[in-house]
Amino acid sequence: MEKKLLKKIDAHAHAVLRDIYPKHDLENLRALPTGEKIIEMYDRLGVEKGMLMPLLNPEFHSFLTTTEIVMEIAENHPDRFFFACGLDPRMMKHSTSSDFG
């Protein structure tokens with residue numbers, strides 16, 4: 001009987017477009033990887049695809065990754081990434097009455 005291999009999917013990842021963040025730990029915050037660095041890690045671990053998540057949070061402003069950024073990374077590597085949209089009514093002009101359609 002032939003064994004079927006399960007596909008590995010990373011359900012929650014954060015990435016940046018360019019490697020612009022500091023390499024050292026700032027107040028226990030580590031730099032985020034680029035999409036290419038994540039793909040290198042996925043190849044080593046046998047991960048087929050990953051879900052890129054925006055990193056927008058009113059309590060966390062050190063590293064921001066917008067929906068547009070994760071969408072661009074996913075569009076550059078459609079065979080390796082999906083992306084999620086970040087809608088947080090606490091952010092800037094978002095509110096519970098915002099039209100996100």
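In this predicted model, Thr34 touches Ala15, Val16, Leu17, Arg18 and Asp19, with residues up to four places away in sequence not counted. Thr34 itself is found in the loop between β1 and α1. Its relative accessibility is 9%, so Thr34 counts as buried. The limit for buried is under 20% relative accessible area.

Ile38 is found in helix α1. The C-alpha atoms of Ile38 and Ala15 are 7.7 Å apart in space, while the two residues are 23 apart in sequence. Ile38 is also in contact with Ala15. Further contacts of Ile38 include Ala13, His14 and Pro33. Leu52 and Phe81 are on its contact list too, which leaves aside neighbours within four places in sequence. Ile38 counts as buried because its relative accessibility is 3%.

Lys37 also has its place in helix α1. Lys37 is partly exposed, because its relative accessible area is 46%. That class lies between buried, under 20%, and exposed, over 50%.

The protein chain as a whole has two helices and five strands. Read from the N terminus, the elements run β-α-β-β-β-α-β. Three of the strands form an open sheet in the order β1-β2-β5. The pairing in this sheet is parallel. Its edge strands are β1, residues 8-13, and β5, residues 81-83. Each edge strand pairs on one side only. Neighbouring strands of the sheet are turned against each other by 20 degrees on average, with direction ignored.

The pairing can be followed strand by strand. Strand β2 covers residues 47-52. Four bridges join β2 to β1, and the two strands run parallel. Within this pair, Ala13 stands opposite Leu52 in β2. Both Ala13 and Leu52 are also in contact with Ile38. Strands β2 and β5 pair in the parallel sense as well, over three bridges. Met51 has Phe82 as its bridge partner in β5. Phe82 takes part in another arrangement. The charged end of Lys49 sits over the ring of Phe82, 4.2 Å from the ring centre.

Helix α2, residues 67-76, lies across β2 and β5. Helix α2 runs at about 155 degrees to β5.

One aromatic pair is present in the structure. Tyr42 and Phe81 form this pair, with 5.9 Å from centre to centre. Their planes are 55 degrees apart, and the pair is tilted. Tyr42 lies in helix α1 and Phe81 in strand β5, so the pair ties together parts that are 39 residues apart in sequence. Both Tyr42 and Phe81 are buried. Phe81 is also a contact of Ile38.

Beyond the sheet strands, Cys85 was examined. Cys85 has its place in the segment after β5. Cys85 is exposed, because its relative accessible area is 51%. The limit for exposed is over 50%. Cys85 and Met53 are 32 residues apart in sequence, yet their C-alpha atoms are 7.2 Å apart in space. With neighbours within four places in sequence left aside, Cys85 is in contact with Pro54 and Thr67.

Totals for the chain complete the description. The protein chain has 101 residues, of which 28% count as buried. Among contacts in the chain with a separation of 6 or more, 62% are between residues 24 or more positions apart. The accessible surface of the protein chain comes to about 7500 Å². Carbon and sulfur atoms account for 57% of that surface.

Technical notes:
Residues are numbered from 1 along each chain as its sequence is written. This is a predicted model: local features need pLDDT of at least 70, side-chain atom pairs count only at pLDDT 80 or more; totals for chains, interfaces and linings use all residues. Side-chain values use heavy atoms; hydrogens and water are left out. Two strands pair if DSSP finds at least two bridges between them. Axes are lines fitted to C-alpha atoms, for helices over the stretch in contact, and angles run from 0 to 180 degrees between N-to-C directions. Contact means heavy atoms within 4.5 Å. Buried means under 20% relative accessible area, exposed over 50%, partly exposed in between (1.4 Å probe, protein chains only). Accessible areas come from the Shrake-Rupley method with a 1.4 Å probe; for residues, only the protein chains shown count as cover. Rings of Phe, Tyr and Trp (its six-membered ring) pair if their centres lie within 6.5 Å; planes under 30 degrees apart count as stacked, over 60 as edge-to-face and the rest as tilted. A charge sits over a ring if NZ of Lys or CZ of Arg is within 6 Å of the ring centre and within 35 degrees of the ring normal.
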